[in-house]
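Hello,

Here is the structure for you to look over. My notes follow below it.

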Amino acid sequence: MLVLTCETQKTTVHYKRGIMRTRSKLALIGLGVTLLMALAISSASAGKFSLSNQNIRITFRSLEFVVEGLGTDRCDVTLEGSFHSRTFTKTPELLIGYLTRASTAGCTLTTAILSLPWHVRYTGFNGTLPDITSIIARIARAPFSAGALGFVCLTESSIELRSTREGSGGITGVDVAAQAVSVRSGGGFGCPASTGSIRSAFTGGVFLLGTSNRITVSLI
């Protein structure tokens, strides 16, 4: 009778331990599923960018304009403009703002900005949601002139702006990757119809217009 009681007690203890292990496993599985769902919802709901400011200033210490047969012009360039809204969707080619003022300084040849405003369109991003490392925008048409004896017009040039985003959302810089632009004669001497390119020799800055404050881009 005593042996039966002991065996019964052992069986009961093993049974209870088995139930506890099963419950623990189910709890861990449930926690994992919850975390995965939370991550999926977070990524799916991050359908928009939210900007800390609408008015911006972009500065390049040395933007290089290369024109075949003419040479390389290096200028300090400042671009100013605004976004249409403090929020916009991650829709490729969405028109998100205008650059309404541009100026050059310290050019080694002669470069001038033409035909403002320039349209800015959202292109895409690098990284994996929600950890976006850079945001890419495109100036759809950026005509400007450069020359020595006469001038050449770089027309219908599409310039890609690639901004670097830190973990907290701040935009720490912007670059123009080397890219080809079309060149046509604009009149005068030294105006070949040829090809050219543009790139930023140094990383530029992006700030709230009139200040040295960074622009912050968040996901919502």
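A disulfide here is a pair of cysteine sulfur atoms within 2.5 Å. By that rule, the count is one disulfide. This is a predicted model, where local features need pLDDT of at least 70, side-chain atom pairs count only at pLDDT 80 or more, and totals for chains, interfaces and linings use all residues. Residues are numbered from 1 along each chain as its sequence is written, and side-chain values use heavy atoms, with hydrogens and water left out.

The disulfide joins C75 and C107, with sulfur atoms 2.1 Å apart. The link is right-handed, at 125° about the S-S bond. C75 lies in strand β3 (residues 71-83), and C107 in the loop between β5 (94-105) and β6 (110-113), 32 residues apart. Strands are DSSP runs (E, at least two residues), numbered from the N terminus.

C75 counts as buried, at 1% relative accessibility. C107 is partly exposed, at 24%. Buried means under 20% relative accessible area, exposed over 50%, partly exposed in between (1.4 Å probe, protein chains only).

Last, a sheet. Three strands form an open sheet in the order β4-β1-β16, with antiparallel pairing (at least two DSSP bridges between two strands). Its edge strands are β4 (87-89) and β16 (217-219). β1 (residues 48-51) pairs with β16 over three bridges. F49 stands opposite L219 in β16.

Best wishes

Key:
Helices (H or I, at least four residues) and strands (E, at least two) are DSSP runs, numbered from the N terminus.
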